[in-house]
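Here is a briefing for a reader who is new to this structure. Please look over the sequence and the model before going on to the points below.

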Amino acid sequence: MENKVIYFDNNATTQVLPEVFEAMAPYFCERYGNPSSIHRFGGSVAADIENARCKVAELLGATARDKDGIATEIIFTSCGTESDNAAINSAIATLPERRKIVTSAVEHPGILSCLKNWERKGIEVVKIPVNHLGQLDMECLKREVDENTCLVTIMWANNETGTIFPIKECAAIAHSKGALFHTDAVQAAGKIDIDVVDTDVDFLSISGHKLHAPKGVGVLYVKRQIRFMPTILGGHQERLRRGGTENVASIIALGKACELAKANLAAEQLYLASLRDHLEKRVSAEIPCIRINGDLANRLPNTSSISFEYIEGESILMFLDMHNICASSGSACTTGSLEPSHVLRAMDIPYTAAHGTIRFSLSRCNTMEEIDRVADVLPPIIARLREISPYWENRDK
């Protein structure tokens, strides 16, 4: 176990499952035809893409089909960030008379960076605050969404804390003022139930590499009644909504990953929650001065954000890495200084805790043995770092 890599950074990316790799492998050297070709060799690949499209739709609860049974609401993209950008750009293009977008203060950079660019072009961007549990201020959301709002974009679940947002209610608030609604479901897809019909979302983004498919493929769901203006123009692919020859092998892989996620969702939720809870129980019992961040009653089953007070998260990660343990920090190293993430700042987590925050994110590939290994090595790491920390020494002053 000591020499084995223990990977607890699954919200960053996941292992491609063997079944998924097996499904995509033939499309590199055997079934390599261009799906836009007229001949049968390429045409059969096009049929396989449509089959994958339907599998994605089933995971998301998208029921709309055309006369041929194709899930036309699913657009294949390169990643979640492209999907996020495409939804935002389309909303602005189709509702040009509305010049406001409402989002949350804890969105992924795929949303916030795009909105910052539009803000420079005259679009008003309002960020709804969250409380210390990462819960969205719904009263503020109701106040801010008005007749000038073209889009409300709220993530389904936060990538750092796992906190889940009330998407159905958020969509209803947007629609009450005639605005469109988008959700970044990159962290939620394959981990919790998603039903785009019940929640009545207009746009939804997912990314393949977050649910055991390869990097470089994503999806934008667009509700059938919604006008969509494409960002990438080219050929007739994706029914003229996203030009460019399809990333066939990865699309097939994503379809398989969605099929597996749907089949195993209930059992996997219970399994991952048991691993997460065991980790938090051991760490809480054996290490003083910690806090577990987020809405503990309403979060992703695989995500645990733990703050170890009075030390730096990067130092913890370095020591974990020496034990072949992979996790991620709640801080970002920019211009030579450490700053807590925008999510932790928005939650008003004290700096003494935010700087020492580690995110452990699990997948079906993890085991209880790995959990215990991490829980074994963490206490001496934290103790050692606190011994040399001036903040720990002066914590009561």
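Helices (H or I, at least four residues) and strands (E, at least two) are DSSP runs, numbered from the N terminus. The model is predicted, and local features need pLDDT of at least 70, side-chain atom pairs count only at pLDDT 80 or more, while totals for chains, interfaces and linings use all residues. Residues are numbered from 1 along each chain as its sequence is written, and side-chain values use heavy atoms, with hydrogens and water left out.

**Second largest pocket**
- A pocket is an open set of points on a 1 Å grid over the protein atoms alone, where a 1.4 Å probe fits, with protein on both sides within 12 Å along at least five of seven lines, and its lining residues have an atom within 4 Å of a point.
- Helix 3 gives the largest share of the lining of the second largest pocket, four residues, and this pocket holds about 190 Å³ of space, a volume being the space filled by probe spheres set on the points.

**Largest pocket**
- The largest pocket has a volume of about 290 Å³, and among its 23 lining residues the closest to its centre are N11, H108, V186, Q187 and K210.
- Helix 4 provides the largest share of this lining, three residues.

**Sheet**
- Seven strands make an open sheet of mixed pairing in the order 2-8-7-6-5-3-4, where two strands pair if DSSP finds at least two bridges between them.
- Strand 7 (residues 203–207) and strand 8 (residues 218–222) run antiparallel and are joined by five bridges, with L204 opposite Y221 in strand 8.
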